[in-house]
Amino acid sequence: MNLANPAETANRVQEKPRDPGKAAKYTLIGLGVAFILIMLVLPLITVCVYALKQGWDVFSQAITDPYAIKALRLTLLATVVAVVCNTFFGLFASWAISKFHFRGKQFLTTLIDIPFAISPIIAGLVFILVFGRIGWAYDFLQTYDIKVVFAVPGIILATIFVTFPFVARELIPLMQAQGNDEEEAAALMGAKWWTIYRKVTLPHIKWGLLYGVILCTARALGEFGAVSVVSGHLRGKTNTLPLHIEILFNEFQLTAAFAVSSILVVTAIIILILRNIVEFKGRKEEGEHVR
Amino acid sequence: MMGFTWAQMNAWRKKTVLGLTLLVAAAPLAACGSNAANNGNTAEAQGASGETSAPAAVEITNVSYDPTRELYDAYNKLFQAHWKEKSGQDVGIIQSHGGSGKQARSVLEGNEADVVTLALEQDVAELEKGGLIEPGWVGEFDKQSSPYTSTIVFLVRKGNPKGIKDWDDIVKNGVEIITPNPKTSGGARWNFLAAWAYAQAHDGADEAKSTEFIKSLYNNVTVLDTGARGATTTFVENNQGDVLLAWENEAFLSIKEHPDDYEIVTPSISILAQPSVAVVDEIAKKRGTEKVSTEYLQYLYSDEAQKLAGENYYRPSNPDILAQFSDTFNLDLKLVTIDDDFGGWEAATEKFFADGAIFDQIYRK
């Protein structure tokens, strides 16, 4: 493992900030707390308050509405497919990129980042321009009676696209930092690649992997932009939960909109808690490892 | 030596890994493909059986514009009962709502609608141009395929604090107007044309003066949403602006939701807004839903449906039923029409809304 560069350490000591004074300290803390309150806590409270504004009956009616349930199902389906695909892809891609040398590696790394850089609406439009009625693949798809955009496959594709980098991006730096030493040792001892992967590589990255999967799930559940473009807003068919919330909001059904939003908010909170547990456990295990 | 072994292993493993990576990347595509194929097949099976014997259920998709949500919610139930009685078949109706132009665009791009019920003849004409609807659709149903009409009115805050009575009041300094963008919204085009009609009537049909009037109107616009419903939400829920140029039905709906907060002001001149309905021939033929789709639109002209339109604050096209709603609608309002006063949509679009036309000219400055 690489040792810290002494020059760098010296620099860091010099950079250590001077005591900013009590007033500045408390102003900064106050600003931070105010920011968190206004930007994070207040919206959450608003959602919950609005959701229950007209009582429990309206709330439960909104979340048991057949369209809401269908939307939830579609969102879950898209999320599960996207997470599974992106997990497999992320595992293989990070393995390929961090443990092997091949031509075009840099290019592949860049490709993986595209969904991060591109606006979701462009992602959606690209699918429409390819698979839509005026897209170049339309005639081909028609002969086999396959419908991609304005149907469930389009929604799944769009979700996969926007959540594509999450797992891979989480794993690549981790695996690069770990290096190849242990794998090489295992290979020398005659282990097959699958054994190496299972017994050496995977245990090292399992927390990072879980973390990536959780982030990917969170993003997939809430995806709005790209899905909105390819959905066509067919109720009960291609409406995901975020789209359903927009519809309810536009129908003046504020309470229902916030009630359904609260499902997403609660899942988000659960996911955040899971994330923290994973992060904590991962760090703990890592610490033990170093010791 | 160690490095050598690893490198050797690299050489024959990396191909496997690369292959696997590509395979996994391609897997979802393949999965979706087969998934879609299945969906397609079931749809086809339904369609095919629809032609031979009467299947128990049929499904149609109605792609509509923003403010018709409540109307079609109610009408679909009415039609389901009617169709069940007529043919013994259950019909499922899938609704989609959004800005009229945006909705037409999505149908053009492959959103498979059996029928479209849009805000503008023009948006349906786009589908005709795209080859989805056969020419002559305007005459397919009564009253130029407009089963219900509406008009443009002002929605103001309770007590009318800015004293808005007519079009010349909203162009005054300090009045904030909310209206959607005529480039994307059907309702907004009717707004624009209604204002133009007023200006023409008051300026002795002087184009330059009318353009000036419209320009001062759009100078007062503070939020230009993409669709009529978005504009209503901006005005009603987000409390922006002093006056909303709104569909009459949309204005009534806002009053129904918030009876203490708003009132409707009817200007001296407005426009007869004629939303268009049409069967999307290509899709209906492909799915074998022509009969039910045609009946779906035809039944909009029945007395029951016309009443339903009136109850949802659309002006019924049947004059007898319209008269029954004289308490609701201001029937004395002078209404200009697109055909008589603007020479049809094509001419109006070219003059006002095409790229570089009057709207672009006034909005750029």
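This report walks through the nonpolar cores and the strand pairing of a predicted model.

**The cores**

Let's start with the inside. The largest nonpolar core has 90 residues, and the members that touch the most others in it are B:Val115, B:Val116, B:Leu155 and B:Val280. If you're looking for the biggest contributor, go to helix H7 of chain B (residues 186-202), which puts 10 residues into this core. Domain 1 (53-146 + 275-311) and domain 2 (150-273 + 333-364) of chain B both supply residues here, so the core lies between them.

**A four-stranded sheet in chain B**

Four strands of chain B make an open sheet with mixed pairing, in the order S2-S1-S3-S10. Strands S2 (90-96) and S10 (276-279) sit at the edges with a single partner strand each, so one side of each has no neighbour in the sheet. From one strand to the next, the twist averages 20°.

Inside that order, S1 and S3 of chain B run parallel, and B:Ser64 faces B:Thr117 in S3(B). Two helices of chain B pack on this sheet. Helix H3 (residues 100-108) touches S1, S2 and S3, and its direction makes about 160° with that of S3(B). Helix H4 (residues 121-129) touches S3 and S10, at about 150° to the direction of S3(B).

**Around strand S7**

Now for S7 of chain B (residues 243-247). Is this strand buried or exposed? It's mostly covered, with 5 of its 5 residues buried. S7(B) pairs with S4 of chain B in the antiparallel sense, and B:Val153 stands opposite B:Ala246 there. With S5 of chain B, S7(B) pairs in the parallel sense, and B:Ile178 has B:Leu244 as its bridge partner.

Here are the strand pairs of chain B side by side:

| Strand pair | Sense | Bridges |
|---|---|---|
| S1 (residues 57-64) and S3 (residues 115-118) of chain B | parallel | 3 bridges |
| S4 (residues 148-157) of chain B and S7(B) | antiparallel | 5 bridges |
| S5 (residues 177-178) of chain B and S7(B) | parallel | 2 bridges |

As a reminder, strands of a sheet pair through backbone hydrogen bonds, in either the parallel or the antiparallel sense.

Terms used:
Residues are numbered from 1 along each chain as its sequence is written. Chains are lettered from A and ligands numbered from 1 in the order in which they are written. This is a predicted model: local features need pLDDT of at least 70, side-chain atom pairs count only at pLDDT 80 or more; totals for chains, interfaces and linings use all residues. A nonpolar core is a set of buried Ala, Val, Leu, Ile, Met, Phe, Trp, Tyr and Cys residues joined through C-beta atoms within 7 Å. A residue is buried if 20 or more other C-beta atoms lie within 10 Å of its own, exposed if 12 or fewer, and partly exposed in between; C-beta atoms are placed from the backbone. Domain bounds come from an automatic or database domain assignment. Two strands pair if DSSP finds at least two bridges between them. Axes are lines fitted to C-alpha atoms, for helices over the stretch in contact, and angles run from 0 to 180 degrees between N-to-C directions. Two residues are in contact if their C-beta atoms, placed from the backbone, lie within 7 Å.
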